[in-house]
Structures are given as C-alpha cells and as structure tokens.
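Dear colleague,

Please find below the sequence and structure that I am passing on to you.

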Amino acid sequence: MEFSDTFEIEGVTTEEAWLALSDPVLIEECLPGCQFLVRVEDVGEDPDEVDFDALAEEADGEEKPPTLPEADPDDVAARAFEESGRYATLVGIQVGSVNPSFETIVTITKREFPEMHASAEGGSSSSSFELDSGMILSETDDGVEVDWWAETDVFGKVARMGQRVMNPVANQVVNRFFSDVEDRISEVDDESSSFRERVRDVVSRG
Amino acid sequence: MPVETVEAEDVRAGEFAGSAVKRREDPHLLTGEARYTDDVQYPRMAHLALLGSQYGHAEIGAIDTSAAEESEGVLAVYTHEDLTESGIDGTMPAADPENGVAVERPLLARERVRYQGQPVAAVVAEGRYDAFRALDLIEVEYDRLEAAPELEDALAEGAPRLHDAAEGNVCFESETGDEEATEEAFSDADHTVALTVANNRVIPTAMEPRAAVARYRKSEDALIVELSSQNPHSVQDRLSDVLDVPEHRVTVRVPDVGGGFGAKLQPYSGHLLSAWCAMALERPIKWQARRTDDFQSMVHARHQETEIEAALSAEGDLLGLRGHIDADLGGYATGGGVGIPQGTAAMLCGQYDVPAGHVSVRGVFTNTAPISAYRGAGRPEAAYVIERLGSACARELEIDPAEFRRRNFIPSKEFPVETALGRSYDSGDYEKTLDRALEIVGYDGFRQRQEAAREEEKYLGIGFSSYVEVCGGSSGDMEGGLVRMNPEGGVVVGTGTQDTGQGHATSFAQVVADELGVDYDAVEVIEGDTDRVPEGGGTAGSRSLPMGGGALREAAGRLVEKGRTIAAHQLEASEADIEFDDGEFRVRGVPDRTVTIEAVAEAAYSPGDLPEGVDAGMEETAFFTPEGSTAPFGTHVAIVEVDPDTGELGFERYVAVDDVGTQINPKLVEGQIKGGIAQGIGQAVYEEGRYDENANLATGSLQDYAMPKSWQLPEVDWESTETPSPNNPLGAKGVGEAGTIAAMPAVVNAAIDALSPFGVDDLDAPLSEETLWRAARGETR
C-alpha cells in the first residue's frame, strides 16, 4: 500500500520543524499509540533481535526530558535521529477489530536537511509490516509544508481483517501526529528571535 | 408457479415417487431439535484450536510454544515434529496427478507455509477460549518469502517457486480431444471467434463452519469421530490412513450438517488432528472452526483462466473448438484441484454438436488456499466459458443467440453421445427446454421492448445459458443401499450418501415405500454412521439420488424377490404365479389369495415358517454401479436491467427450464434448482475471493466477502421437462448442481447485452457496481 499527503505546520520555520521532527522524544509523545521510542545499538533490522519487554520496563516511569520549544535546541540536536541509526519502538494500533502492538525497529536511511527517510519492520503476535517512508520540508508563506510518503506491506491478521479500514486508520494516525507536533512547536513566540536563531544555528551545524 | 407440496398421507400408496411430498426433515430443523457437531458435548471434553500462518509464503524456523503451554487451561501445544514423533508421517492425502508432480500436504506446516492461514501449530485446552488465547502466545520464526498469489505471478519468469518438485509452479499438464482434427477444422473455418474468460475465485461459505468431535476409547482401541461432513466413509478411510489405525476401529458419525457444497468432502487438519489429539490425550476433543478459519483454510473454488476459440462455418455451424485452461490449485494440490479443471476441459462442448475439439490444461500452484470442489465442481466453469463463447459467436456472426444455440444443439435422436472432448451424455432434448424457456420469457416481443426501453435510457439485457452437466455417479462408482424390514413391518434403510440439507430422507423413503408398497411413514432412513450403513461414496457430484436411490431401489427389489419366495410358500403356489403390487403378494388369477409384505416379513423371522433353503431375515444390501453418468440439462434465461450511471444490476426476470430426468420429488428438485441459482448468481454478481499482492486474504470475513442476500435474488419462474436417464433404475439425473451451473452465464450474458449500446462485449464476474459502471464508460477494471 502507498500513502502520501502534505501537512502544513503554521507559524514555524523549516529549521524548527526539522529539529522537532528529528527528536525521538517528541515523536514518542506525538505518535498515537507509541509507548516508547529509543535508540538501540548493534542490532539489525529484525525486531526479534531486541528485547522489547526489557525496553518497555526501562521506559516505564522514566522522566521524559522537555521537547521543543521548552528544550534547549542543543540538547535536542544531541539526541536527534542520525542517519543509519536504529530505533526501537512499541506502537499499538487499532485496525478494525484487531489492536496489535507492533515491536518495531526503525532505521533512519537518509537524513539531510530538509529531507529524511526511514524504514521500519514491525511484528506483533499475529501481524507484521514493512515500511519505507520519507518526508521533505519546504518553507511556505506562513510556515512549513511537510510532504510525506510511505509504502508499506502488511501481513497477517491486520492485513486480513483491516483492509477496508487501513487507509482511514493510517490517515487518522498521521493527522493526529502532525496536529500534535504543530500544537507543540507552533507555540514558539515570534518575538523570541534568539530561540529561532539558535535553532537555525543548530540545524546549520548539522 | 412454485410446486405445491402434498402431505404423505394424501398420496396413494405406490405413488410416492413423483409426488411433492413435504420434507420430513423440516420439523426437526425448524423446531430446534437439529443437532450440529458443535452441539455434541462429552464429559472431560477439551478444545482444539489451530494457529494459521500469518504469511502467504514463508520459511518457518523455530516455533516457541513455551508461553502458550503455560497459558491458563492449556493441555498441550503441538507442532509438526510432535506428529512425526508419535509415529505418523504427519501428512494428509494429496493428489498424485498423471503427467505431473505430487507434493505432500502436511497436517501442520513443516519448514514452509504456502498460503495464509495454513495450519502451523495446534493448541488443546480445557476451554475453547483458553485455546484461542494460547494461539496468540505461540512464537513462530518466519522468514518471509516473495509470494505469488495470482496465476500471473506464479507463471512469470523468475517467479518464486512454491514446491521444489514443481518447476515454474506447474503441477500438471493434460489435454483432451484430437488436436490434429481440430487444427483442420480451424483451417476450414469461415470465421473464428476467440475469447478470454476468467472464472473468479469463490469461497464456499456454508452456514456451519467445519467442526469435529473425536473420542478415543483406549480399552477397545476405538476411535469415534463425529463431524460435519459430506462423506463419512471417505473420512473414515482418511482417518485410518493418516493416523495409521485399522479402518474397522474407526467410526465416523455425521450429525446435522449446515451445508457442505463440496468443501466438506475431505477432512482437514482440524478434523484429523482432533482425532490424533483424542488418542494422544485420551480425552474427547472438539474442534470448531471459526468463520475466518473457514475463509482462510477451507478449500476455495473455481479460479481458472481460459482461452477459448470457436471455428465456424459461414452459416454459423460450429466446426471446432480449441482452448487452454490455466487452473489455480492454491498452495497444495487436492484431488479436486487436479480433477476439476480436467473435468472442465472435457465439458467444454456444452450442449453443442462440435465435430472436433482440443483443450489443454495446466494446473498451477499459487500462494492461496487450496482449490477444490464447490457446487458444480468443474462444470460451472465449463458452462460459463462455452455459454459466454456461444453468445460471443452469435454476436460476431449477427445471428440471434437463441437461434445460434438451436442451430448447434446435439439433436435429440443422437443420444447417447460422446463429445469431441470425451464426455458421454446419456439422454437429452435440448430444443425442448430452450423453446419452453423462450415461450415463458416472451422472447418474441423482447427485442422490441428492449429497443423501446433504450430510448428511455433504460438498459435491459437478455442472457441465455443452455447448459449440460455430467453427474450422478459413473460406471466406475458404487454406492451401498441397505433395506431391512423388521418383523413388525417397519422398514429401515441406509446408504452411504450424506444429507447436508437436500432432503435425502424424504426422497429415499418415497423410493423405498413405492418399491415395497408400504406406508411412506413406515420407512426410516439412516445416513451418516459408518457402523450402521453400508460402504458408500457420500454426497458429491449430484450423485445421491441416482446412486443412493439406485442402490436402495435395487436392495428393495431383492427384498421383494425374497418375499415372493416366502409368499409362494405361504400361499402354496408356484413362485412364478406370485404377483406383487401395492404391498401385497397375490396368486395370479386368484384375487383373494393374498399375503401382505408385512406378514411375509413376520414369517421371515420365524424360521419354522420359511420354505427350505431360504435364510431367515428380511434384509438386503445392494451395491449399485450404474451403466454410466447422467447428463441433466436445460436453459436459463435472465433479463436484467443495468443502470449505467450507478452500475447497479437488477433482475427483471429469471426463467429456468430444467430437465433432471425422472423426478422423485418435484418440490425438492425445485428447491435444489433455486438454491443452485442463488449460488450461481453469487459468483456472477457478488462473490470474489481476493488476495492482495502480499498474499494476504483480503476477503477473510463476511464483511469483506459478499454473499448474495435473499432480497438481491430474483423470483425464478421454474419449469421442467423429464427425459429419463437410461443409466439407473430410477431414470433420475442429478439435480444438486444444475442451478449453479446454469445461472452464471445467463446473468453475465444478460449484463453484456444490456450494456451493448455502450460498446460492451465482455465483462468479468463478479458484476459489481464498479465493474458495470466502468464498463459503461469504456473502462475495464
């Protein structure tokens, strides 16, 4: 299945959106159903290689650092997605009559301002998926336009029971995600030019 | 007009056959007394559930069952290894095609899965939901492989190979007819008409999903399996084979069955494993498939893609027929999967006198559920192809489609005939059913009416289907029939056929009551118990009445002969002078010297009253083998209206004139035809089993797979003619599948005719609104 759409985030610069969308902490908080999203080292693309139960336990109750605009842009840059980096995430989703939690490994396959690509493999007890996705940011008159696309292959129960509703579910998840991101980062005060400059500076350093 | 039923007590003795006696099954089914397999309960009964593969094609690595084993209520979790360790080979019977390769069908997947839902592991638990919960805890290591869900994918260069033995995913190739003579016919032809026709995949959807309850009595080494089935003896045979238990230790019983339609002929992993688990755990085991289990892992049906071409004279006479069928077998070859498309090839002459024909068949593995029988099994596919081609020829040559058919019919004086593709038809009178159908539908005025409607932007279309099928057993087939008259005159009869809703008990009681001259209500009919009925072949291919009825008629006839010997002794007359009529033996010419068959039966159990050399008892078992198959036929005509703006299809009229030989119960015949039509319309308009490109079944529930609803079906104007079969003593032909075979081409031909003003000359079923809407816009799906 292929999805693509454009989402507009008003009142932010491309650099702010870029830094925010590169922040694993913000993604974890904005992605509906996401229980945690953490960097993992020395693993392949196969989620079976990772002990998700242990990661869930670690993540449970852990104090989350602040995200933009409260966070220090340097701190966010330090933890931002890295090209070839691998991340483990547990995402629950409700599709039709099934609501699996997918143990997922995300690989950032490309990250060059203002374009980022990621691939993912996820599995639950009765379903699994493979995903390639990407987004590119561009400046508009009143904010940023995010052009995103995703190609996914879904297997098992979700594919079987949920085909009719897969599109609306995907759209709902993506819209909630971007709205949530927008709600947070568009709080940036236009006057706080020093913040805006710091972000620009951080992003330009790469 | 629908056939009106009569009460048995209003029928004169000896005239039950031919009367529309009310179904004796209905009070049982309608008052809640019916007992299906899931109603069967035993103390200490545990529940079996199967884990189906989540992928359409994958290698299987380790299977971790530890979490499932620890789950509440779980007694055991099994994989393929457990089966082989128990000493069985862990496979179930698979096809071994001529001109092809045989591949094993594992009970639980071994190393590789080849369709989504293929059983991978089994859980036995105290409660049904304990078992379902534990299924989710089994961890299977899958290594997903590229999948080939469509014929096109499987036949493509570089396609993923499903079975090592099957190069290019081809399981077998076969051909029928005379290629040379056919090529000659084509070189002499004035016209040729070619067509590519797809038979869409349908998923048999009986109201009752598959189910079994198995018990093992260790002290007697006896296995008793109760299951929803069409063929108890074949299940017994396969249980014995798969579990390596002698057949005489296996009893198979069939409770009430909520529909089979061909898909319940063979036992599946669930049935066989419930028996294996009952033996392994020494507890009664129930397996009740869920609806989605049936969608995913019961057989699917029909899917074939056919190239067909007719050679014609300038006047429109068929000179030859050639074609090729690519038949989808699914991930594994079943006997039906291999046999059905070859049957299709042999049936492609339809009702027509075709001097030369040649058809080749290729059976292809795909990453889909195995294909096998569904009501009609091979013959609906053929009727759809030849009847679509017939209408295409008529269109091309600008001949009226009814006239084209009439011109090419096999003349009634020619029967019995063998067609150019190698099928024998016993008897037929094709013009008669066509003519009557045209008369009922008012064909004379139709074209004018159609023209007038088009001017008002109403698009009517008429579709013809002049079908023939070959069914009702064959000269290589046998069925047992037991007729026993008890000392007090009651009659018990048993056959190896299996009712799944048809009304066997009613029909068989009619046949036997007439033969013995007893009351209809004196005859009890038993089926579905391998301990109590003689060996038989179950219910498939519309064989029950010709075969089971034939066997019972023969057994009853023998009983009458035995009775004649006893009566002659009682009446002190020569056997040659004893006449039998209406349940009484009479001395010829001496009307008051009579004895009833009941009195004869009583004597039969009193050895002192018997003539010398006559064994006691009043019981006969006949094993009936017919002279040949039966070939029912008829013409169905559909008039539909298609709205080009919405793609909606509505029925204006549906006329069916069928000839199924001598009718034992016209009401049951009518019911079979109409139910069959509903299923044919299902395939034509609604049903399509669909896999996505990753071999996920996209139509795995009744929300996604459209069955026809009662309000979507037309009233059927049904009439019949009777051309008896010479091949069985009843003169009956099979009726179970005729309606399904006939309906699909009638409906699709009608839709093509309706949309012909838009340049439409081809449509693929199912005729969804989208398909018709696009077709009216010159698009194909």
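The notes that follow take each chain in turn, then the contact between them.

Please bear in mind throughout that this is a predicted model.

**Chain A**

Chain A comprises seven helices and seven strands. Read from the N terminus, its elements follow the order β-α-α-β-α-α-β-β-β-β-β-α-α-α. Its C-alpha atoms occupy a box of roughly 50 × 35 × 30 Å along the principal axes. The radius of gyration is 17 Å, which agrees with the value near 17 Å for a compact globule of 206 residues. Of these 206 residues, 33% count as buried. Among contacts between residues at least 6 apart in the sequence of chain A, 67% link residues at least 24 apart.

The seven strands of the sheet in chain A are arranged as β1-β7-β6-β5-β4-β3-β2, an open sheet with antiparallel pairing. At its edges stand β1 (2-10) and β2 (34-40) of chain A; each has a single partner strand, so one side of each lacks a neighbour in the sheet. From one strand to the next, the twist averages 20°.

Within this sheet, strand β5 (residues 115-123) and strand β6 (residues 127-140) of chain A run antiparallel and are joined by nine bridges. Ala118(A) is found opposite Ser133(A) in β6(A). Two helices that pack on the sheet deserve mention. Helix α1 (residues 14-21) of chain A touches β1, β6 and β7 (143-156) of chain A, and its direction makes about 160° with that of β6(A). Helix α6 (residues 166-185) of chain A touches β1 and β7 of chain A, with a direction at about 20° to that of β1(A).

**Chain B**

Chain B has 20 helices and 30 strands. A box of roughly 85 × 75 × 50 Å, taken along the principal axes, holds its C-alpha atoms. For 781 residues a compact globule would have a radius of gyration near 28 Å, and the 28 Å of chain B agrees with this. Buried residues make up 57% of the 781 residues of chain B. Of the contacts in chain B between residues at least 6 apart in sequence, 79% join residues at least 24 apart.

One open sheet of chain B contains seven strands in the order β3-β7-β1-β14-β11-β12-β13, with mixed pairing. Its edge strands, β3 (74-78) and β13 (250-253) of chain B, each pair on one side only. The twist averages 20° between one strand and the next.

Strand β14 (residues 285-288) of chain B is covered on both faces: Ile285(B) and Trp287(B) on one side, and Lys286(B) and Gln288(B) on the other, are all buried. On one flank, β14(B) runs parallel to strand β1 (residues 46-52) of chain B, with three bridges between them; here Lys286(B) is the bridge partner of His47(B). β14(B) also runs antiparallel to strand β11 (residues 211-217) of chain B, through four bridges, and Gln288(B) stands opposite Ala211(B).

Strand β1(B) is also joined by six bridges to strand β7 (residues 119-125) of chain B, the two running antiparallel. In that pair, Gly52(B) lies opposite Pro119(B). Helix α8 (residues 269-281) of chain B lies across β1, β3, β7, β11, β12 (222-227) and β14 of chain B, and runs at about 25° to β11(B).

Two further features of chain B may interest you. Helix α19 (residues 738-754) of chain B has 17 residues and spans 25 Å from its first C-alpha to its last, close to the expected 24 Å. Since 17 of the 17 residues of α19(B) are buried, this helix is largely enclosed by the rest of the structure.

The other feature is Gly548(B), which lies in helix α16 (residues 544-570) of chain B. With 33 other C-beta atoms within 10 Å, Gly548(B) is buried, because the threshold for burial is 20 or more such atoms. Beyond its neighbours within four places in sequence, Gly548(B) is in contact with Glu479(B), Gly481(B), Thr495(B), Thr497(B), His504(B) and Phe508(B). The C-alpha atoms of Gly548(B) and Ile673(B) are separated by 20 Å, the two residues being 125 apart along the chain.

**Contact between the chains**

Eleven residues of chain B and 13 residues of chain A take part in the contact. On the side of chain B that touches chain A, three residues are nonpolar, five polar and three charged.

With kind regards

How values were computed. Residues numbered from 1 in each chain as written. Chains lettered and ligands numbered in written order. Predicted model: local features only at pLDDT ≥ 70, side-chain atom pairs only at ≥ 80, totals over all residues. Buried ≥ 20, exposed ≤ 12 C-beta atoms within 10 Å, placed from the backbone. Pairing = 2+ DSSP bridges. Contact = placed C-beta atoms within 7 Å. Nonpolar A, V, L, I, M, F, W, Y, C, P; charged D, E, K, R; others polar. Expected span 1.5 Å × (residues − 1). Rg over C-alpha atoms; globule rule 2.2 N^0.38 Å. Axes fitted to C-alpha atoms, helices over the stretch in contact; angles between N-to-C directions.
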